[in-house]
Amino acid sequence: MTELGQRLRQERESKGLSLEDLQKLTKIQKRYLLGIEEGNYEVMPGKFYVRAFIKQYCEAIGLDTDAIFEEYKSDIPSTQTEDMPQQLSRVRSRKEIPQHTKGVSKAYDYLPTVLVVAGVVVVGIIIWVIAQNIVSDKNKEQANQEAPNSEVQQSNTQEETNETTAKNDNSKSEDEQSAADKKEKEKAEKEKAAKEKAEKEKAEKEKAEKEKKDSGKQEYKEVQKTGRSATYALSGTDAFNLEVTSTQADTWLDVKNGKGNAFFSSILKKGETKEFDLTKETEARVNIGYSPGVELKVNGKAVDLPFDSSKQVRQVVTIQYQPAEAQ
């Protein structure tokens, strides 16, 4: 890794950016960004791309491009300037400046830098304009990578072949990256689903074991009936879990303890199940507004409603609970 690559990587990481984030910001492929950080310029599609990509990298992370190019010029191969546009890479020497302009000779010392900066700005503006007129994200990436070609006059057929190859590589790399991301996402979703399934199976197993343990000694018996209300006694168990399910239609459901504190008082929709842990309560009152299709379970075991739901639509069930350990 070159000093320039190390400096750029440190700046990127200090801003909390990954190579994928930088790829989205610059529209430069991740492998080219990695090549810049590692000083491996051989992966670039052409010589001019080295300076162009380094410039975009610096701008994306907020570094002064001119200062970076000057400070780390030894890390950038000098041959990179050979394929820059003639107006960007070469300027008139002092010998070519007419002698009668002696009064402004000092200004010519800064002329190369001014021309380079101006050229870079022009290239940047052209890239921005092209990018704004491209609708497809994929076309944006291709346009951003191909934009330098509009400023560079290729000198021979071999250079044009290299550019075509680079474009094909870009498209292939994007497809491979997309496929890899999709595969990784599918893998994560499968792992999550498997984990949730295992947790659900474990919970169901524990619940079944508990119900099996309590089923042999649990007793649920009727105490009295009057009007639309009935009272039951639950004993022989150390748990009082109530499940209410509506299978046919929406119904009003009101569940309170013996002190009148409500656990639920709203509409129970068709197909919906509500579970209540009433182990700490001594009494629970269940008011069912529309009993047809309503199922009750006590500690996982189905219990019948006290009245025929076709004759008594609204039913009130009171369950008095006495823990086994208190008996």
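**Sheets and a helix pair**

Guide: In this predicted model, six strands form an open sheet of 6 strands with mixed pairing, in the order E1-E2-E10-E7-E4-E5.

Visitor: Which are the edge strands there?

Guide: Strand E1 (219-226) and strand E5 (262-268), each of which pairs on one side only. From one strand to the next, the twist averages 15 degrees.

Visitor: In what sense do E2 and E10 pair, parallel or antiparallel?

Guide: Parallel: strand E2 (residues 229-235) and strand E10 (residues 315-321) are paired over 6 bridges. Ser229 has Val316 in E10 as its bridge partner.

Visitor: OK, the open sheet of 4 strands. What's the order?

Guide: E6-E3-E8-E9, with antiparallel pairing. Strand E6 (273-277) and strand E9 (301-303) are the edge strands. Neighbouring strands in this sheet are turned by 25 degrees against each other on average, with direction ignored.

Visitor: How many bridges join E3 to E6?

Guide: Strand E3 (residues 241-246) is joined to E6 by 5 bridges, and the two run antiparallel. Thr245 stands opposite Thr273 in E6.

Visitor: Switching to helices. At what angle do H1 and H3 pack?

Guide: About 120 degrees, with the axes of helix H1 (residues 3-14) and helix H3 (residues 30-38) 6 Å apart. H1 and H3 are therefore oblique to each other.

Visitor: Which residues meet?

Guide: From H1, Gly5, Gln6, Leu8, Arg9 and Arg12; from H3, Leu34, Ile36, Glu37 and Glu38. The contact residues divide into 3 nonpolar, 2 polar and 4 charged.

Terms used. Residues numbered from 1 in each chain as written. Predicted model: local features only at pLDDT ≥ 70, side-chain atom pairs only at ≥ 80, totals over all residues. Heavy atoms only, no water. Pairing = 2+ DSSP bridges. Axes fitted to C-alpha atoms, helices over the stretch in contact; angles between N-to-C directions. Parallel < 35°, antiparallel > 145°, perpendicular 65-115°, else oblique. Contact = heavy atoms within 4.5 Å. Nonpolar A, V, L, I, M, F, W, Y, C, P; charged D, E, K, R; others polar.
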